[in-house]
Amino acid sequence: MKVLMINGSPHEKGCTYTALTIIADELKKQGVESEILWLGTGAIHSCAGCGACRKLGKCVYGDDIVNSIAEKVKTADGYVFGAPVHYASPCGGMIAALDRLFYSAGSYMQFKPAASVVSARRAGTTASYDVLNKYIGINNMLQVPSTYWNMVHGNNAEEVLKDEEGVTIMRAIGSNMAWLLKLLDKEKGTELEKPVIIQKMKTNFIR
């Protein structure tokens, strides 16, 4: 079992990374492998909504970091999406990446557990957390619970580690993720592996 974690921060080893490493450590203690992928600081195209990506399983924009992540998404068993707060919202690169990732490879993530994590110096965390959770909620995914909203506070990695409540929240995410993955693994090949799938019906209100 493997959990894929996306670090959407422009800082490779900053606050968001630190939060994800705490989750990774707890997963490792419980026998679950993980990988943290950094989006980097390069330009990330927004989603054009063209639909061609759904046949290809990747975006038509070319071989960039989002398409590389889409390939790893296909074989992962669980996901964690981490981003810093920028102006009371997740950083722009993370939004652009998730728009494309869910549009092109969302079908590979359905019925798998996922969690979102945000980091901030002080405020904007609940609004940002809500934005990231909407990706999980629209895609038939299982949201991993924790002991509080999934956020850490600090101006740098060292301060994040001093956020004792934030650290325990991250540990709980890792523990609950491992628990869900093990439960799902036991049901592979049975009628409980996936729910009865209700096909989406789209309606347009302007004709």
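Two rings of Phe, Tyr or Trp (its six-membered ring) pair if their centres lie within 6.5 Å; planes under 30 degrees apart are stacked, over 60 edge-to-face, the rest tilted. That rule gives four aromatic pairs here.

This is a predicted model: local features need pLDDT of at least 70, side-chain atom pairs count only at pLDDT 80 or more, and totals for chains, interfaces and linings use all residues. Numbering starts from 1 along each chain as its sequence is written, and side-chain values use heavy atoms, without hydrogens and water.

**Stop 1: the aromatics.** Select Tyr 148 and Trp 149. Their ring centres are 4.8 Å apart and the planes stand at 55°, so the pair is tilted. Tyr 148 is partly exposed at 43% relative accessibility, and Trp 149 is partly exposed at 45% (buried is under 20% relative accessible area, exposed over 50%, partly exposed in between; 1.4 Å probe, protein chains only). Next, select Tyr 79, Phe 81, Phe 102 and Tyr 135: they form one aromatic cluster.

**Stop 2: two helices.** Show α3 (residues 65–73) and α4 (residues 92–105). They pack at an angle of about 45°, with axes 10 Å apart. The helices are therefore oblique to each other (under 35 degrees is roughly parallel, over 145 roughly antiparallel, 65 to 115 roughly perpendicular, the rest oblique). Their crossing is right-handed.

Now show the contact side chains (contact means heavy atoms within 4.5 Å). From α3, pick Val 66, Asn 67, Ile 69, Ala 70 and Val 73; from α4, Ala 97, Arg 100, Leu 101 and Ala 105. By class, this contact has seven nonpolar, one polar and one charged residues.

How values were computed:
Axes are lines fitted to C-alpha atoms, for helices over the stretch in contact, and angles run from 0 to 180 degrees between N-to-C directions. Helices (H or I, at least four residues) and strands (E, at least two) are DSSP runs, numbered from the N terminus. A crossing is left-handed if the near helix is turned anticlockwise from the far one by less than a right angle, and right-handed if clockwise. Ala, Val, Leu, Ile, Met, Phe, Trp, Tyr, Cys and Pro count as nonpolar, Asp, Glu, Lys and Arg as charged, and the others, Gly among them, as polar.
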